[in-house]
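Here are my notes for your first read-through. Keep the structure open beside them and check each point as you go.

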Amino acid sequence: MKELLKDKEHLVRMGLLFLGGTLAFMVARIIFVPKGYGMYGQYRAGALDDNRSRPLSFAGRAACEDCHSDISEARAGSKHAGIGCEACHRALAKHAEDPEKVKPVRPDAQSVCLVCHEVNVAKPRGFPQVEPKEHAEEQPCNTCHLPHHPEKSPDEPAEETPVEVQQ
Amino acid sequence: MTSTRREFLVRTGKYLLLTPAAAAAIDNILAGNAATAPAYDMSDHWWGMAIDIEKCIGCGNCVRACKVENDVPVEGPYFRTWVERYHVSYQEPGGEAERITVDSPEGGYNGFPEKYREGDGAKSFFVPKLCNQCSHSPCTQVCPVGATFESPDGAVLVDKAYCMGCRYCVQACPYGCRFIDPRTETVDKCSLCYHRITRGLTTACCEVCPTGARSLGDFKNPKDPIHDFVRLNNVQVLKPQMATGSKTYYSGLDGSVR
């Protein structure tokens, strides 16, 4: 026993080193492990909020129909009734936020239709497709079809209400 | 760091005794923020996607909308979702074996200029692609820093603050759904429009799909039409042999699609 205690200096040093190392490890853990890590899994819980915080570009159909219920009535029963407004009118979350300041651009009455309806053999059979030259001699589609209800023809020439153009 | 000795001892004690995960959970429960927001409860949802190949017309609306909604670079090979055109000609007696040609000009961003002709003895069709939101995703398993993960509601997300751009996940994804954003040098991928679906909206691609070829589904909502979609159609996931637990279900998928 006396022999062992004679060399206790070594044991004390070793013990202190071990304690110091453990302490350093614990402090490093507290500093380096990000907040919320491990709350749901091996990742930072705050990353979920980061992903959620992105702003919207597309307002969504419900937001459009809040104000433009007349259009959804006009579309009822047509083949186009199920299409989201922003499929043709593009992303309009800014317009939905501030309808006075941000005005949408009226889609071009031919190219917007041909995005879907131009003939292509890879398209499913039964989907209405046209060769624009043969079908309408390059006339705008809304000469004969109401875009919101394509089975109907416009009673009068398409109204030419001026729409502010914004880029 | 300002903390009393007592706080310090309690905290280190907790970290020593419990696993870090359990300690963090206790911290959050004590702080009263177990769910990140009261209006949206992650445990009530399990998101997936239903894609009907027979409805896809290759218009590219989804590709364009995705780039706008998620600020994806327009130029270059950067896509969170894209559309492929398959062209499959079949084996002639004694002739060439099944021949599959796939093209995706600019990911379908500008639609698909006609390239094939009617009656060439082949079939062609469009296949929209996006992150499959795997429930056992290979990409999250290889991330060395915990910067990509499966959220409790079934979306595979990226923590951009911790991604160091090592590209392991880009290589690990069997569907090629990840890319490195050249502006930040961090990885990016379809987040299933997490910022939209957690606000009660559908994804940007589903919002603008004119034929309903894609639809977002919540498997934990018993009234969601995705249950009928999966039950009433012959559905497949991509690369089922890899057991990724993909939650993107394709109806009418041809065997040639990989």
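1. Start with a term. Two strands pair if DSSP finds at least two bridges between them. With that in hand, look at Met49(B), which stands opposite Leu216(B) in S9(B). Remember throughout that this is a predicted model.

2. Now the strands around that spot. S1(B) and S9(B) are antiparallel and share five bridges. S9(B) is mostly covered, with four of its five residues buried.

3. Turn to another partner of S1. Strand S1 of chain B covers residues 47–52, and strand S11 of chain B covers residues 248–251. These two run parallel and are joined by four bridges. Find Asp52(B): its bridge partner in S11(B) is Ser251(B).

4. In chain B, four strands form an open sheet in the order S9-S1-S11-S10, and the pairing is mixed.

5. Step back to the whole of chain B. It holds eight helices and 11 strands. Of its 258 residues, 39% count as buried. Take the contacts in chain B with a separation of 6 or more: 63% of them join residues 24 or more positions apart.

6. Last, confidence in chain A. Its mean pLDDT is 89, and 92% of its residues reach 70 or more. Helix H1 (residues 2–6) of chain A is lowest, at a mean of 73, while helix H6 (residues 86–89) of chain A is highest, at 96.

Methods. Residues are numbered from 1 along each chain as its sequence is written. Chains are lettered from A and ligands numbered from 1 in the order in which they are written. This is a predicted model: local features need pLDDT of at least 70, side-chain atom pairs count only at pLDDT 80 or more; totals for chains, interfaces and linings use all residues. pLDDT is the predictor's confidence in each residue, from 0 to 100. A residue is buried if 20 or more other C-beta atoms lie within 10 Å of its own, exposed if 12 or fewer, and partly exposed in between; C-beta atoms are placed from the backbone. Two residues are in contact if their C-beta atoms, placed from the backbone, lie within 7 Å.
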